[in-house]
Amino acid sequence: MKESKLSVKIDGKSYQVEPGLAILDACRNVGIDIPTLCYLKGLSKEAACSICLVEVTGAKALMRSCVTPINNGMEIYTNTERVRNARRINLELLLAGHPKECLSCDRSETCELRKIAFDMGIREVRFPKTSKTEFPIDKTSVSIIRDPNKCILCGRCVSVCSSIQSVQAIDFSGRGKASKVTTFFDQGLASSVCVNCGQCLLVCPTGALTEQNETEEVWKALFDPDKFVVVEVAPAVRAAIGEEFAMPAGSLVTAKLAQALRKLGFSKVFDTQFSADLTIMEEGYELISRIKNKGVLPMITSCSPGWIKFAEHFFPGILPHISTCKSPQQMFGAIAKTYYAKKYNIDPRKIIVVSIMPCTAKKFEAKRPEMKDAFKYWQKDLNLKKEDEFYDVDYVLTTREAARMIREAGINFSNLNGEDFDEPLGISTGAAVIFGATGGVMEAAIRTVHEVLTGKELEKLEFNALRGLDGIKVCEVDIQGLKLKVAVANGLSNARKLLKDVGDNKSPYAFIEIMTCPGGCLGGGGQPFSADGEAKPKRMETIYQEDRNKPLRKSHQNPAVNALYKEFLDKPLGEKSHHLLHTHYSRRQEPL
Ligand code: SF4
Ligand code: SF4
Ligand code: SF4
C-alpha cells in the first residue's frame with residue numbers, strides 16, 4: 001500500500017511531500033535548493049562536506065539535510081542566519097586548505113567549489129591556511145590526472161567507481177591532514193585496475209580529477225607545415241559539444257563542428273562514423289562466421305576501451321568472447337595511414353591523426369602498444385626502423401578539450417553556418433550515428449547482419465527494445481527463423497551481471513553489447529559537465545534524430561566503405577582487414 005504524503009513546513013510554508021526522502025531531496029522536489037558539495041543523487045551518501053545544513057525546529061544541532069529523513073510535521077528552515085553562518089564556516093575551513101589556483105585550473109569554468117564559494121558570498125577566508133600534507137600529483141595515467149591537493153574528500157568519485165562501475169580502483173586512505181583518495185597501495189592510477197572511464201572525473205566537484213590535456217600537442221602539429229593533420233569525430237560528440245557553447249543540451253551541431261575544425265586548421269575533417277560503418281561490416285561478418293562455424297558465442301562488442309580493460313582485469317576467462325574488431329577510432333587511424341595515404345599519395349609519416357572522443361579511455365586505447373598497425377604495414381616498403389614507429393592514432397581530445405581549442409581560436413561556434421565533412425573518410429550512414437547511444441552498436445549490427453543473412457531488406461530499422469537508458473536491455477531478433485537473443489549493458493556494474501553467465505557458459509545470448517559508461521558514449525567521461533540532469537536523454541534523442549535524417553541508414557550501404565573494400569581491403573575479414581582492423585586482448589593484473 002502506498003504510504004500517504006507527509007505534511008511539513010519548509011521556510012514557513014506548508015508542503016505535502018513524499019515519505020522516505022531525505023530533507024534535501026524533499027526540499028529540492030518542491031523547488032527549494034540547498035547547496036551541497038558531496039551529495040550526488042542516486043549514489044551512496046558520504047555526508048562529508050556539511051554544507052547542506054538546515055535548522056529543524058526542536059533539534060538542538062543543525063542537521064545535514066542529505067542524510068536526515070524528513071518526517072511528518074517537521075518544520076525546516078533552509079536559510080536562517082545560523083544556517084548561513086555554519087555553512088560559511090564549513091566552506092571557509094575547506095577553502096583554508098585548498099590551493100586556490102582558479103586562474104590556471106582545468107575546472108575553473110565548471111568547478112562547483114568555486115561556484116558555491118562565489119554564490120555564498122565568500123570573498124575572503126577568515127582562517128589561516130591549514131598546513132595540509134602536500135600530495136604528489138598522479139600523472140601516471142595517459143587518461144586522467146589526479147591532484148589530491150584539490151580534493152575536498154567528498155567521496156563522489158569513490159562511490160561512482162565502486163557502485164556504477166564496480167571497479168573499485170580508488171578509495172579513502174590516511175587520517176586527518178593525511179586523508180586522501182587514492183589507489184590501492186598508493187600506486188599510480190596507471191598501475192591500478194582503473195579502466196580510464198572518467199566517470200569519477202564527471203562527478204568530481206573540483207579540479208582534483210581532470211583529463212590528460214593533449215591540446216598543446218595538437219596545436220603544435222597544426223602549426224607544423226610538414227604535417228598533414230586529419231581529425232576524426234566520434235558520433236556522441238556532435239550531440240553534446242553545443243553545451244560547451246551555452247547551447248541547449250541535445251543541440252545537433254554536426255555541420256558547425258565540421259566547420260569549426262576546418263577553421264582550426266585541420267587538413268581534412270573526417271568522421272569516426274565512417275569507421276563505425278566499417279566496424280559493423282567487420283563485426284557483422286565476424287558474428288555471422290561465429291554462428292555458421294559454431295565459434296565462441298555469445299560474441300561481445302569491442303568498441304568501448306574501458307570495457308576491454310575491465311574484461312582484461314576482471315574477466316580474463318571470457319576474452320575469446322570479445323569481438324576481435326578494433327574500435328572505430330582505431331580502425332580509422334589504421335585506414336587513414338594506409339588506404340588514404342596510398343590513395344592520395346601522402347607519406348604516412350607526415351599524417352597526424354587526431355580523434356575527438358566523448359571518452360577519456362580512448363586516450364588509453366590509442367596508446368596501447370599494439371595499435372601501430374599502419375607502421376607495420378609500411379615498415380618494409382619504406383624501410384622503417386624501430387625509431388620511426390608511429391601510432392595509428394596520434395592524439396585523442398575529449399569533447400571538452402576540442403571545445404577549449406575552438407574557444408581559444410576565437411571561433412564563434414553557435415554562429416557558424418555549418419559545412420560538410422571531407423570525403424571519403426567523412427561519409428557515413430545512420431547506423432554509424434547510433435553508435436553514440438547504448439544499444440546503438442547492436443542495432444546497427446542487426447540492420448546489416450539481417451540483410452546479409454536473408455538477402456532481403458529489413459522493413460523496420462528501429463529496435464525500440466534496445467533503446468533508452470535502462471542498464472540492461474534484451475531482445476529476440478528473428479532472422480528468417482533464426483532466433484537470435486541479444487543483450488545490451490551500459491555501466492560496468494550492469495555488464496558484470498551478464499558476464500557471470502558468460503563465464504559459466506550459461507548465457508542465453510548470441511550477441512552482447514557492452515558500453516562502459518551509463519547511457520553509452522553520450523554519457524562518456526570526456527563529455528561536457530552537464531549542469532542539466534536531463535542532458536543524457538536529450539543527447540540520445542538527438543542521435544536518433546540524426547539517424548532518421550540520414551539518406552542511408554545501414555552500414556553496408558556506405559559507398560565509401562564499399563569503395564574501401566573494392567580498392568584496398570578486398571572483403572570483410574580478409575587478409576588486410578585481419579592485419580589492420582582486428583586486434584587481440586591480454587589478461588592483466590588481477591584485482592587486489
Ligand atoms: S578546484 Fe576549483 S576552487 Fe580549486 S583551484 Fe580549481 S577552480 Fe579553483
Ligand atoms: S576512471 Fe573509472 S575506473 Fe578509473 S578511477 Fe575513475 S571511475 Fe574508477
Ligand atoms: S577527487 Fe573529486 S570527487 Fe573524489 S573525493 Fe576528491 S573532490 Fe570528491
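Begin by colouring the protein by domain: domain 1 covers 6-79, domain 2 covers 96-211 and domain 3 covers 216-581. The model on display is a predicted one.

**Domain 2 against domain 3**

Select domain 2 and domain 3 together. Their C-alpha centres are 30 Å apart. In the contact, domain 2 supplies 18 residues and domain 3 supplies 22 residues. Now highlight α4 (156-164) and α5 (199-203), the elements that give two or more residues to the side of domain 2 that touches domain 3. Helix α5 gives the most to that side, with three residues. Colouring the domain 2 side by class shows nine nonpolar, eight polar and one charged residues.

**Ligand 2**

Of the 14 residues around ligand 2, the nearest are C161, V167, C194, C197 and C200. The elements that give two or more residues to this shell are α4 and α5, the two that were also highlighted on the side of domain 2 that touches domain 3. By class, the shell around ligand 2 consists of ten nonpolar and four polar residues, with no charged ones.

**Ligand 1**

Next, select ligand 1. Here, too, 14 residues lie around the ligand; those that come nearest are C102, C105, C111, T206 and G207. Colour this shell by class to find five nonpolar, four polar and five charged residues.

**Helices α9 and α19**

For the last stop, select residues 272-292, which form helix α9, and residues 559-569, which form helix α19. The two helices pack with their axes 9 Å apart, at an angle of about 60°. Because of that angle, α9 is oblique to α19. Turn the view to look across the pair: the crossing of α9 and α19 is right-handed. Then show side chains at the contact, to which α9 brings F274, D277, L278 and M281, while α19 brings A560, V561 and L564. By class, this contact of α9 with α19 has six nonpolar residues and one charged residue, with no polar residues.

How values were computed
Residues numbered from 1 in each chain as written. Chains lettered and ligands numbered in written order. Predicted model: local features only at pLDDT ≥ 70, side-chain atom pairs only at ≥ 80, totals over all residues. Near = placed C-beta within 6 Å. Nonpolar A, V, L, I, M, F, W, Y, C, P; charged D, E, K, R; others polar. Domains from an automatic or database assignment. Contact = placed C-beta atoms within 7 Å. Helix = DSSP H or I, 4+ residues; strand = E, 2+ residues; numbered from the N terminus. Axes fitted to C-alpha atoms, helices over the stretch in contact; angles between N-to-C directions. Parallel < 35°, antiparallel > 145°, perpendicular 65-115°, else oblique. Left-handed = near helix turned anticlockwise from the far one by under 90°.
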